[in-house]
Amino acid sequence: MTTAPAVELRTFTTLDAARSDLLDVYADVRAPLLHLPNYAVTAFGERLDRHNTEPGFIAVLAYTDGHPIGYAYGNTIEHGDRYWQRTVPAPTDEYTSRPAVALKEIGVRTPWRGTGTARRIHDTLLSARKESYVTLMVNPAAGDGKVHALYRSWGYEDIGQSQPSPASPRLTVMIRAIR
């Protein structure tokens, strides 16, 4: 890992000031997949707008010289949330009996990968959360398995699988304690 460049992290609890920057970074990060319906910028924008209306929404964007280079966002999920209902096998009550944070997306532009920027964004997003657990879904094929391995190195463990929409690939559901 190389040393992280000078990065400013900004936290948002609404999309008003961050939406266009978030879409811009998303389009760059997911460029090789944008031809697939689930990854299209319009599909992402619709999911982003829906997630923004859900409880506990938070986004963290990273900027260098005023330009967005990375992001993460998530929101609170409760017992019975569709997130948990689509997870197979059903997660244990240990994870679902109280609110958790669902990390819905995280991405960093290619030049800043391997610099620790993604981890800084991730940790900043979780730093003020009161929930006990954070969960995410990852395509196990992403980066030839490197993304899944990265999340494991951050302390996440596999607890199931989910296919959030018919256009989505089957994803691995992962979880870890926030503190």
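1. Helices (H or I, at least four residues) and strands (E, at least two) are DSSP runs, numbered from the N terminus. Please keep in mind that this is a predicted model, in which local features need pLDDT of at least 70 and side-chain atom pairs count only at pLDDT 80 or more, while totals for chains, interfaces and linings use all residues. Residues are numbered from 1 along each chain as its sequence is written, and side-chain values use heavy atoms, with hydrogens and water left out.

2. Phi of D65 is near 50 degrees, a positive value in a residue other than glycine. D65 is also exposed, with a relative accessible area of 73%; buried means under 20% relative accessible area, exposed over 50%, and partly exposed in between (1.4 Å probe, protein chains only). P89 lies in the loop between α3 (82–85) and α4 (93–96). For background, most residues other than glycine have a negative phi, and most peptide bonds are trans.

3. Now the sheet. In what order do the seven strands of the open sheet come? The order is β1-β2-β3-β4-β5-β7-β6, with mixed pairing; two strands pair if DSSP finds at least two bridges between them. β1 (8–12) and β6 (157–162) stand at the edges with a single partner strand each, so one side of each has no neighbour in the sheet. From one strand to the next, the twist averages 25 degrees.

4. Helices against the sheet. Helix α2 (residues 41–52) packs on the sheet and touches β3 and β4, and its direction makes about 50 degrees with that of β3. Contact here means heavy atoms within 4.5 Å; axes are lines fitted to C-alpha atoms, for helices over the stretch in contact, and angles run from 0 to 180 degrees between N-to-C directions. α5 lies across β1, β2, β3, β4, β5 and β7, and runs at about 155 degrees to β4. β4, α5 and β5 make a right-handed β-α-β unit: with the strands pointing away from the viewer, the path from the first strand over the helix to the second runs clockwise.

5. Are the residues of β5 buried or exposed? Six of its six residues are buried. Y133, T135 and M137 point one way, while V134, L136 and V138 point the other way. In a regular strand the side chains alternate between the two faces of the sheet.

6. The nonpolar cores. Such a core is a set of buried Ala, Val, Leu, Ile, Met, Phe, Trp, Tyr and Cys residues joined through side-chain atoms within 4.5 Å. The largest has 21 residues, of which L103, L125, V134, L136, Y151 and Y156 touch the most other members. Two or more residues come from each of β2 (58–64), β3 (67–77), β4 (100–108), α5 (117–127) and β5 (133–138), and β4 gives the most, with four. Another core, of 17 residues, lies apart from this one, and L22, F44, Y71 and Y73 are among its members. In soluble globular proteins, nonpolar side chains tend to be buried together.

7. Leaving aside neighbours within four places in sequence, L136 is in contact with Y83, L103, Y151, Y156, T172, V173 and M174. A62, in strand β2, counts as buried at 0% relative accessibility. Not counting residues up to four places away in sequence, A62 touches V7, E8, L9, H67, P68, I69, G70, T117 and I121. R129 sits in the loop between α5 and β5 and counts as buried at 10% relative accessibility. The R129 side chain makes a polar contact with the side chain of E131 (2.8 Å); a polar contact is a pair of N or O atoms within 3.5 Å, where within protein one must be able to donate a hydrogen and the other to accept it, and residues adjacent in sequence count only if both atoms are side-chain atoms.
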